[in-house]
Amino acid sequence: MSVQSKIDLSFKPSGIKSGVAANFPFKLREVEEGHDHSNLKKCGIYKLLPDAMKKEVEKNLHLLEYLHILPIDKLGIPKFIPKLEKKHGEMDSPNIIYPADENIYIHIYPDKNDVRNYYIPIEPILLTGVDELLKEVEIRLVDYITDIDFDPEDREAKIRILKDALGKICEVVDKKEVSDAESGKLNLLPVQKKNIKLLNRRFFDSNHTGKLKVTMQQYKALEYALIRDKVGLGVLEPYIKDKYIEDISCSGLGPIFIEHKIFKGLKSVIEFRDEETLNRFIIKLAERIGKPVTYKDPIVDATLPDGSRINIVYGNDISKNGSNFTIRKFNETPFSILELIEFGSLDYMVAGYLWLLISEGMSGFVCGETASGKTTLLNALTAFIRPEAKVVSIEDTPELQVPHKNWTREVTRGTTRGAKIGEGSGSDVTMFDLLKAALRQRPNYILVGEIRGVEGNIAFQAMQTGHPVMATFHAASVDKLIQRLTAEPISVPKTFIDNLNFVVIQSAVRRPDGKLVRRVISVNELVGYNPQKGGVSYIEVFQWDPVTDKHVFTGFGSSYLLEQKIATRLGIPPNKKKVIYKEVEKRAKILKTLHDQGVKNFYDFFAAISKITKSGVLNVKV
């Protein structure tokens, strides 16, 4: 098979050429003809830049090209921020540029008429002359990559082939040689001179090898464009590379919307303007991730190469606004519990309490609505599992990241998630199947990405047999959780509910200042079934106060788990059980000390916790 089909040369979602339009919130300036950045000292805009921005444009000239097309007399020069911090999200009218990676920059620009500001990707393809060069490279590309056999699923092989082909098509020369060619100083044939005029900033060399001569900056831009459009996700690539993005969504015709970790809701200048273009893009996107979408099978759930989750809905017969897609970004390094404390999601006492429970093998669920931060919190809590433990995680989409060395990661296969036992094809492997297998693997902790169906019943059986379980669950309160657990299809008897020890309710809430934030709004202990009331009793031990945006230890001095379970496990005499609250305070102080010392990275935090555990500092002194 020809590699042409494997690399998919037809996928070109770049800019207006593919029907994907860029709708800038300001009128772009025309760059003067003949403008050249070969001597930055002669560039008026370069002279105006602060030192940090100067270093960036010296490294990536396309950033300077972007500044040249901005109406900076009206906008002003955007402020360059090397690394975003939470405080930048408090800006009323942000006009800033920050790096998404070594090649891509993002311009955040205010919209005074909308709650969502603008998100503008700045890519290497903005470099002068690259657009025309890319057309010529794509024409020649076919001659260099046909009849090469390789694994079509091998992303790295595709990238290597494209890079090799580009190296055969182009020759990197210095800026002076390009300038000499354009000024006519080189002795070129008439056809070569014609090509200089037609193809702008490129020419065939004088020994007729036919290579395109380009500068190093142009070469890097061409390499970026080829990999972006032939292997990556095309116009979506900057959003995938931006570590500050949580969600990317296209709701039909119109702009791409973004949920940003710092600036919250944003809208991109990139938008789809007609259904044909959007459908074509959706089809190519689905093919690129290996999950073709059709009118017969219009819904696709898949995982991108970086671990992000994507959902695609195709066609306007089931989606009245047209085809749409949503990408939930994957964090390469999860947030640690100290970073969540920094964000205000919980405080040191809540974290110290959960640390004590989890290190002593209590089972718990993190509950909340969609996008409330359940998985983020569960990921952070895994650092509290004893460092020597064997952990087994079970998910339908791999999102959990466990820092323990003895970690078995299992993922479902097929589309029968939550189906009844016995349903589905013989090749499907469900959450139920994996949970049953996990019980034979002698884990110290079982983590379930999300419980929705019959796997919930087997999870409670695991708890009954002494296997601690932690999972996420869609429920807005403890009462709603119990209702769902005891109803079909999970059907856990009410008398078994107390095998679940604690429930954390996480939610996206409004602060008094109107800002939407994620908070642990309560931590609850399940006591057990009450036959007199016919229900399950539970105690709220921590509560979030919306007025002060603080957490209150409402269960101090009356915690069922701390006094009746944890104290007993730690060998604390019945008459001294109150000392257990000092253990929570001790762990809270340790967490604050680590935070003050700057230990925030997820893996660094786990390493610090491991050392502390081994040192014996956590041993209870009665």
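This is a predicted model: local features need pLDDT of at least 70, side-chain atom pairs count only at pLDDT 80 or more; totals for chains, interfaces and linings use all residues.

Reply: Helix 10 (residues 216-230) contributes most to the lining of the largest cavity: four residues. Numbering runs from 1 along each chain as written, and side-chain values use heavy atoms, without hydrogens or water.

The lining consists of Asn60, His62, Asn103, Pro124, Leu127, Gln217, Lys220, Ala221 and Tyr224. By class, four are nonpolar, four polar and one charged. The space inside is about 70 Å³. One cavity of 30 Å³ or more turns up in the whole structure. (A cavity is where a 1.4 Å probe fits on a 1 Å grid but cannot get out; lining residues have an atom within 4 Å of a point.)

Now the rings. The structure holds 20 aromatic pairs. (Centres lie within 6.5 Å; planes under 30 degrees apart are stacked, over 60 edge-to-face, the rest tilted.) Tyr295 and Tyr314 make a tilted pair, 4.9 Å between centres and 50° between planes. Tyr295 is exposed at 53% relative accessibility; Tyr314 is buried at 7%. (Buried is under 20%, exposed over 50%, with a 1.4 Å probe.)

Tyr353 and Phe542 pair edge-to-face, because their centres are 5.3 Å apart and their planes at 65°. Tyr353 is in helix 14 (residues 348-359) and Phe542 in strand 21 (residues 535-545), so the pair ties together parts 189 residues apart in sequence.

How values were computed. On a 1 Å grid over the protein atoms alone, a cavity is a set of points where a 1.4 Å probe fits but cannot get out, and a pocket is an open set with protein on both sides within 12 Å along at least five of seven lines; lining residues have an atom within 4 Å of a point. Grid points are joined across faces, edges and corners, and a volume is the space filled by probe spheres set on the points. Helices (H or I, at least four residues) and strands (E, at least two) are DSSP runs, numbered from the N terminus. Ala, Val, Leu, Ile, Met, Phe, Trp, Tyr, Cys and Pro count as nonpolar, Asp, Glu, Lys and Arg as charged, and the others, Gly among them, as polar. Rings of Phe, Tyr and Trp (its six-membered ring) pair if their centres lie within 6.5 Å; planes under 30 degrees apart count as stacked, over 60 as edge-to-face and the rest as tilted.
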